[in-house]
Amino acid sequence: MEGIRALLEECIGIGFFDPSDIDHRFSFVCAVEERVVGVVLATLRPYAAMRDFYRDKAALVHWGVDPEPDVAGHIREVAVLPEFRRASMATRLLARSEATLGDSGAAFFVANAWIRHDTLKSPGAHLLEGRGYQAMGDIPGFFQLVGAGADVVCPACQDSPCACGARAFVKDTRASGAERGVPESTDVQA
Ligand SMILES: CC(C)(COP(=O)(O)OP(=O)(O)OC[C@H]1O[C@@H](n2cnc3c(N)ncnc32)[C@H](O)[C@@H]1OP(=O)(O)O)[C@@H](O)C(=O)NCCC(=O)NCCS
């Protein structure tokens, strides 16, 4: 647990980690010599709860799902220590988590990618697009919205409060999802 906290504090921000985010059924770590170097935290949620959250918070480009599933896989965090990046660790962690969520009935997945407010850079957006996720809309100031506490410092911009936003992504592995004609993601810089 402390290894996951340390990793997320370095990659996502101090004051952001919540142990209740960890659902052991769908969350995985990569460890090197007992040090946690990569993590995916995920859980299964009622689809309607996810839909209502994003309708409320995001300037959605598109959230048309027909038929609506009962459950959605919620990818809460994906993070890899800087020295272990670009070696497909996040890709493998995400694939593992999606597979276990799929075994529990999820064919629809939701994830957020941080978008640095000053540069619009977002490695997470590229990661998700590479795994077949499609952009649904942006949530301005998302980091501040969910981090809340005054002591939360964004590791990307180092500001507190942070103005970084998030882009909401979904992946619908059902046949109808592939036919929805979702718009391409734009303006995230590599
Ligand atoms: C995003 C993050 C998890 C990626 O971890 P990773 O192990 O390096 O990812 P992978 O090696 O599996 O990369 C898969 C693809 O993602 C994209 N990607 C990853 N890092 C990128 C970067 N810095 N810039 C552009 N694209 C990037 C690439 O398309 C990459 O494929 P490629 O290496 O074949 O080009 C890692 O950079 C991180 O922890 N960032 C801070 C926390 C964060 O932003 N989490 C994302 C929330 S969705």
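Q: Is Ala111 buried or exposed?

A: A residue counts as buried if 20 or more other C-beta atoms lie within 10 Å of its own, as exposed if 12 or fewer do, and as partly exposed in between, with C-beta atoms placed from the backbone. Ala111 is buried, because 26 other C-beta atoms lie within 10 Å. This is a predicted model: local features need pLDDT of at least 70, side-chain atom pairs count only at pLDDT 80 or more, and totals for chains, interfaces and linings use all residues. Residues are numbered from 1 along each chain as its sequence is written.

Q: Where does Ala111 lie, and with which residues is Ala111 in contact, leaving aside its neighbours within four places in sequence?

A: Strands (E, at least two residues) and helices (H or I, at least four) are DSSP runs numbered from the N terminus. Ala111 is in strand β5. Two residues are in contact if their C-beta atoms, placed from the backbone, lie within 7 Å. With neighbours within four places in sequence left aside, the contacts of Ala111 are Ile75, Leu128, Tyr133 and Phe169.

Q: How many residues does the largest nonpolar core have?

A: In soluble globular proteins, nonpolar side chains tend to be buried together. A nonpolar core is a set of buried Ala, Val, Leu, Ile, Met, Phe, Trp, Tyr and Cys residues joined through C-beta atoms within 7 Å. Here the largest one has 44 residues, and those with the most contacts inside it include Ile75, Phe109, Ala111 and Phe169. Strand β5 supplies the largest share of this core, seven residues.

Q: In which sense do strands β1 and β2 pair?

A: Two strands pair if DSSP finds at least two bridges between them. Strands β1 (residues 28-32) and β2 (residues 35-46) are antiparallel, with five bridges. The two form a hairpin with two residues between them, and Glu33 in the turn has a positive phi of about 50 degrees. Cys30 has Gly38 in β2 as its bridge partner, and the partner of Gly38 in β4 is Val80. Strands β2 and β4 also run antiparallel, joined by nine bridges.

Q: Which element gives the most to the shell around the ligand?

A: A residue is near a molecule if its C-beta atom, placed from the backbone, lies within 6 Å of it. In this model 22 residues surround the ligand, the closest being Arg85, Ala90, Thr91, Pro123 and Gly124. Helix α4 gives the most to this shell, with six residues.
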